[in-house]
Amino acid sequence: MRGLLKLSVRAVSCVPRRPCSGGRPPAPLGARVLTNPRDIFQHNMWDHVQWTEEETEEARQKAEQNSEEKIPVEEQSKYDREAHKYWDRFYGMHQRKFFRNRTWLFTEFPELLPPDEEQEQDLCSESGSREKQQPCGSCTLTSHMDTFPGQHAAFRILEVGCGAGNSVFPIINTIRSSKAFLYCCDFSSQAIELIQEHPDYDPAVCHAFVRDICDTTSPFPFPPESLDIILVVFVLSAIHPARRAQDVVTSLAGFLKQGGIMLFRDYGRYDLAQLRFKKGQCLSENFYTRQDGTCVYFFTKDEVHHLFSNAGLEELQNLEDRRLQVNRGKKVVMHRVWMQSKYRKPYLIPD
Ligand SMILES: C[S@@+](CC[C@H](N)C(=O)[O-])C[C@H]1O[C@@H](n2cnc3c(N)ncnc32)[C@H](O)[C@@H]1O
């Protein structure tokens with residue numbers, strides 16, 4: 001927990017914005033900026049907090065200290081090999097109660113909203129002239145599969161590591177009356193059961209399935225280059241950063257259409273969750289295992305950029321979102337660091 005008195009708050013004068021895809025409005029990355037430290041307990045969250053050098057150094061030292069003792073190498077492989085069992089146990093115990101619904105989803109990621117019919121027609125007529133290079137959403141994809149769930153959808157979204165559906169159900173309820181279709185997968189069969197048993201689950205708009213995204217050789221229930229959006233929220237952090245993450249992102253990128261976008265949100269370096277780890281829980285630099293055996297990595301902006309650009313995607317947004325979370329009752333402030341990024345598969349330029 002970091003103290004209020006030590007806190008220095010400098011407002012960032014302009015909110016970083018970048019144009020987003022599809023002519024939709026840019027995602028506002030939180031506009032609540034603390035300009036007067038005396039106002040701190042008036043809200044639960046403040047955006048764009050800059051850390052002083054002293055705060056950064058303090059965080060670096062805490063992370064260094066809690067990483068001093070690494071889990072012995074011979075024990076480490078079980079966290080990778082049995083990861084799905086730890087997550088199964090997690091969902092068996094917590095059911096749907098642990099994660100909150102992602103209320104920020106459509107504000108931060110308006111790209112998830114299916115294009116309206118007018119936009120869709122524009123896209124279709126555009127792609128008509130370059131049909132071979134850029135399959136449009138409503139064209140039938142027959143090259144690799146005869147039929148597949150969501151085949152006739154005009155807009156296809158995949159969420160990987162969807163858990164108990166904290167993003168899935170807000171998306172289902174938004175796309176229900178559109179021509180969009182959602183796929184969602186997790187390697188925890190318990191999590192997928194929770195989704196399939198939920199009263200809002202509707203196979204007409206959603207297909208939930210068990211899939212380990214580290215297993216890059218098993219097929220997905222849709223063809224390559226068939227997805228408009230892939231949502232990757234707090235899941236890459238659960239995967240071994242050095243051994244697995246790049247292969248996962250590269251293989252997922254193969255399922256995006258040209259112009260399709262990967263939307264990423266996850267833990268950032270020196271987030272409160274990292275600094276709270278005790279000694280003896282560190283697997284490798286900035287990668288830890290929790291008491292329940294699930295793992296978590298804390299990313300930097302450069303690492304995120306390398307992951308996605310090495311997969312052939314181009315940056316639309318890559319932000320480190322530093323916030324102050326305030327417990328007004330207990331008068332405590334906490335530094336949160338989240339990464340938020342959007343990377344697009346480039347269009348092929350015809351010869
Ligand atoms: C921190 S939870 C986030 C769940 C959900 N994305 C959300 O934001 O509420 C991480 C999820 O990733 C899943 N996961 C971790 N590694 C995975 C893998 N290799 N393949 C598929 N799912 C995985 C876990 O089972 C868990 O549901």
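The buried residues of helix H7 pack against helix H3 (83-94), helix H6 (168-175), strand E3 (180-186) and strand E4 (206-210), where contact means heavy atoms within 4.5 Å. This is a predicted model, in which local features need pLDDT of at least 70, side-chain atom pairs count only at pLDDT 80 or more, and totals for chains, interfaces and linings use all residues. Residues are numbered from 1 along each chain as its sequence is written, and side-chain values use heavy atoms, without hydrogens and water. Helices (H or I, at least four residues) and strands (E, at least two) are DSSP runs, numbered from the N terminus.

In H7 (residues 189-196), the buried residues are Ala191, Ile192, Leu194 and Ile195; buried means under 20% relative accessible area with a 1.4 Å probe, protein chains only. They lie on the same side of H7, because they cover an arc of only 155° around the axis, taken from the directions from the helix axis to the C-beta atoms.

Eight strands form an open sheet with mixed pairing, in the order E1-E10-E11-E6-E5-E2-E3-E4; two strands pair if DSSP finds at least two bridges between them. Strand E1 (45-46) and E4 each have a single partner strand, so one side of each is left without a neighbour in the sheet. Strand E2 (residues 155-160) and E3 run parallel and are joined by six bridges. H7 packs on the sheet, touching E3 and E4.

The table gives two angles between N-to-C directions, which run from 0 to 180 degrees, with axes fitted to C-alpha atoms, for helices over the stretch in contact.

| Pair | Angle |
|---|---|
| H7 and E4 | about 160° |
| H8 (residues 245-253) and H10 (residues 301-309) | about 45° |

Definitions and conventions: Buried < 20%, exposed > 50% of the residue type's maximum accessible area, 1.4 Å probe, protein only.
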